[in-house]
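Here's a walk through one structure, helix by helix and strand by strand. Have the model open and follow along.

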Amino acid sequence: MKSVNITSPIAGCMRWGIWGANFSTIQYRGMIEACLQNGINSFDHADIYGDYTTEAEFGKVLKEDASLRQQLKLITKCGIQMVTSNRPEHTVKSYNTSKKHILHSVETSLKNFGTDHLDVLLIHRPDPLLDPAEVAQVIEQLKQQGKVLEFGISNFLPHQADLLANYTSIAYNQVEISVIRLDAFTDGTLENCIKHNIIPMAWAPLGGGIFSDDTHPRFRSIVKTAGELAEKYDTGLNEILLAWLHTHPSGILSVIGTTKIERLLQAKIATAIRLEKEDWFKLLAASTGEEVA
């Protein structure tokens, strides 16, 4: 079992700030407290969210009430350099996984959150210039200092994860996985997670909102099948779509990027549901439009 013990669902905070709902500090606090009251204690960030502002906005709540930090787990990412007025030194959108950049990013995130440690640090995107030995060195340094408890990756393909896993322990890989985004089931990502004891985190696990958009080519078949299964399992459609992910033996954790506590509560319910194998394949067929070979 992972020492940090991240559990599903994870509250995705990307749209809490100026990239979405533009929460006030009071609204941030209300959402954080509602999550904690319902047993949802892991919060997913990235340094770039809100053009480098969302971490600090979230952190205002933790600085106002230090007791909250002990109740929650902070996940954040680094490695993308965005062109924004908040980072005038960046001249082109790029990746940076150098030791200097990772150390600076971690120190900035710690300051933003008003904490002495991050529970999980992820490399946000696979960097073509990534030096695995250098990354491993800086991660080991941060772990020894107690500033990062666990390390992971995000959006890494199996061969990219394999390379880094030769140099350092990887606890998580956060990738896009849903009933309409099946790549992780077919490109070896989930098998690679099992191979290296990496826990997959699924971002956009509900398809990024397509289930309210009936123009998507598989919308009708997926919703019809999920609706039938929801009736069978006496639950909701979103719960079934998330349970479909949780049924996989790799232990997928869902990152729910929402500004509504109701969505997170649905996701919490889904963690207790495991679909029968034939029901799992019914949803797969509804997504692909054909039975397995």
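In which kind of crossing, left-handed or right-handed, does α4 pass α5? The crossing is right-handed; a crossing gets that name if the near helix is turned clockwise from the far one by less than a right angle, and left-handed if anticlockwise. Before going further, a word on the source: this is a predicted model, where local features need pLDDT of at least 70 and side-chain atom pairs count only at pLDDT 80 or more, while totals for chains, interfaces and linings use all residues. Residues are numbered from 1 along each chain as its sequence is written, and side-chain values use heavy atoms, with hydrogens and water left out.

Back to that pair. The axes of α4 and α5 (residues 132-144) lie 9 Å apart at an angle of about 30°, which makes the two helices roughly parallel (angles under 35 degrees count as such). Axes here are lines fitted to C-alpha atoms, for helices over the stretch in contact, with angles from 0 to 180 degrees between N-to-C directions. On the α4 side you'll find Lys99, Ile102, Leu103 and Val106, meeting Glu134, Val135, Gln137, Val138, Gln141 and Leu142 of α5; contact means heavy atoms within 4.5 Å. That set splits into 6 nonpolar, 2 polar and 2 charged residues.

As for neighbours, β3 runs parallel to β2 (residues 42-44), joined by 3 bridges, and parallel to β6 (residues 118-123), joined by 4; strands pair if DSSP finds at least two bridges between them. Phe43 stands opposite Leu74, and Ile75 faces Val120 in β6.

Last stop: α10 (residues 237-246) and α12 (residues 277-288), whose axes come within 10 Å and cross at roughly 110°. These two are therefore roughly perpendicular, the label for 65 to 115 degrees. Ile240, Leu241 and Trp244 of α10 touch Trp280, Leu283 and Leu284 of α12, a contact of 6 nonpolar residues with no polar and no charged ones.

Conventions: Angles under 35 degrees count as roughly parallel, over 145 as roughly antiparallel, 65 to 115 as roughly perpendicular and the rest as oblique. Ala, Val, Leu, Ile, Met, Phe, Trp, Tyr, Cys and Pro count as nonpolar, Asp, Glu, Lys and Arg as charged, and the others, Gly among them, as polar.
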